[in-house]
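This report walks through a protein structure for a reader who has not seen it before. It takes up the sheets, then the charged pairs, then a part of the surface.

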Amino acid sequence: KTTHFSLYQVLGSTGTGTITPLAGADATFTYHDAYAFPNPSRNNAAVTFRIEPGLADSVSVRVYDLTGRKIHESSAFNEQVITDPNGLGQQYDYEHVWSVDGVASGVYYYVITATKAGKSDIHHAGRIGVIK
């Protein structure tokens, strides 16, 4: 009997914080997918922001309340190659975990931005619910 199942994969690393291109993953800088989960966040569960833009130079996220006030901003994204759980195959994946401790229940807007030199930025906007 099992209560959890995860997919794992060997990743390449240059040791400099960047991903080494691996066979099977599309490195082309283009929008593949982006989302936040769990949505809604319940009982202080941390929210993970994920974007799959191919190989990016940098990724950032900004979170706003309903009045438009920025309540969170970060460019601390973990980089990895994953087999996407939504059936998109191997993807270059960037994830940031947001602790919602101290954040009130409500709906928040987020914008994830991926950048690469010489290319147009990739933006993804969405909403995340927080239920305390």
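This is a predicted model: local features need pLDDT of at least 70, side-chain atom pairs count only at pLDDT 80 or more; totals for chains, interfaces and linings use all residues.

Two strands are said to pair if DSSP finds at least two bridges between them.

**The open sheet**

The strands β6 and β7 belong to an open sheet of four strands, whose order is β1-β3-β7-β6 and whose pairing is antiparallel. At the edges of this sheet lie β1 (33–37) and β6 (78–84), each of which pairs on one side only. From one strand to the next, the twist averages 30 degrees.

**Strands β4, β8 and β9**

Another set of pairings involves strand β8 (residues 106–115), which pairs in the antiparallel sense with strand β4 (residues 58–64) over seven bridges. In that pairing, Val 59 stands opposite Ala 114 of β8. Strand β8 also pairs in the antiparallel sense with strand β9 (residues 122–131), here over nine bridges, and Ala 114 stands opposite Ile 122 of β9. Ala 114 therefore has a residue opposite it in each of two pairings, namely Val 59 and Ile 122, where pairing rests on the bridges that DSSP finds. The hairpin formed by β8 and β9 has six residues between its strands, and in this hairpin Gly 118 takes a positive phi near 80 degrees.

**Salt bridges**

Side chains of opposite charge can pair when their charged atoms come close.

| Pair | N to O distance |
|---|---|
| Arg 50 and Asp 93 | 2.9 Å |
| Asp 65 and Arg 69 | 3.3 Å |
| Glu 73 and Lys 70 | 2.8 Å |

The salt bridge of Arg 50 with Asp 93, whose closest N and O atoms are 2.9 Å apart, links distant parts of the chain, since Arg 50 is in strand β3 (residues 47–52) and Asp 93 is in strand β7, 43 residues apart. Are the two partners buried or exposed? Arg 50 counts as buried because its relative accessibility is 10%, and Asp 93 is likewise buried, with a relative accessible area of 0%; the cut-off for buried is under 20%. Arg 50 and Asp 93 are also linked with Glu 95 in a network of salt bridges.

The partners in the salt bridge of Asp 65 and Arg 69 fall into separate classes, for Asp 65 is buried, with a relative accessible area of 12%, whereas Arg 69 counts as exposed at 53% relative accessibility. In the salt bridge between Glu 73 and Lys 70, Glu 73 counts as partly exposed at 49% relative accessibility, and Lys 70 is partly exposed as well, with a relative accessible area of 42%.

Which residues make the nonpolar surface patch of about 280 Å²? The patch is made by Leu 66, Val 107 and Tyr 109. Of these residues, Leu 66 is found in the loop between β4 and β5 (70–74). Leu 66 is classed as exposed because its relative accessible area is 59%, and the class of exposed residues begins over 50%.

Definitions and conventions: Residues are numbered from 1 along each chain as its sequence is written. Side-chain values use heavy atoms; hydrogens and water are left out. Patches are made of residues with over 30% relative accessible area and no salt bridge: like charges are joined within 9 Å, nonpolar side chains (Val, Leu, Ile, Met, Phe, Trp, Tyr) within 5 Å. Accessible areas come from the Shrake-Rupley method with a 1.4 Å probe; for residues, only the protein chains shown count as cover. A salt bridge is a side-chain nitrogen of Lys or Arg within 4 Å of a carboxyl oxygen of Asp or Glu. Buried means under 20% relative accessible area, exposed over 50%, partly exposed in between (1.4 Å probe, protein chains only). Axes are lines fitted to C-alpha atoms, for helices over the stretch in contact, and angles run from 0 to 180 degrees between N-to-C directions.
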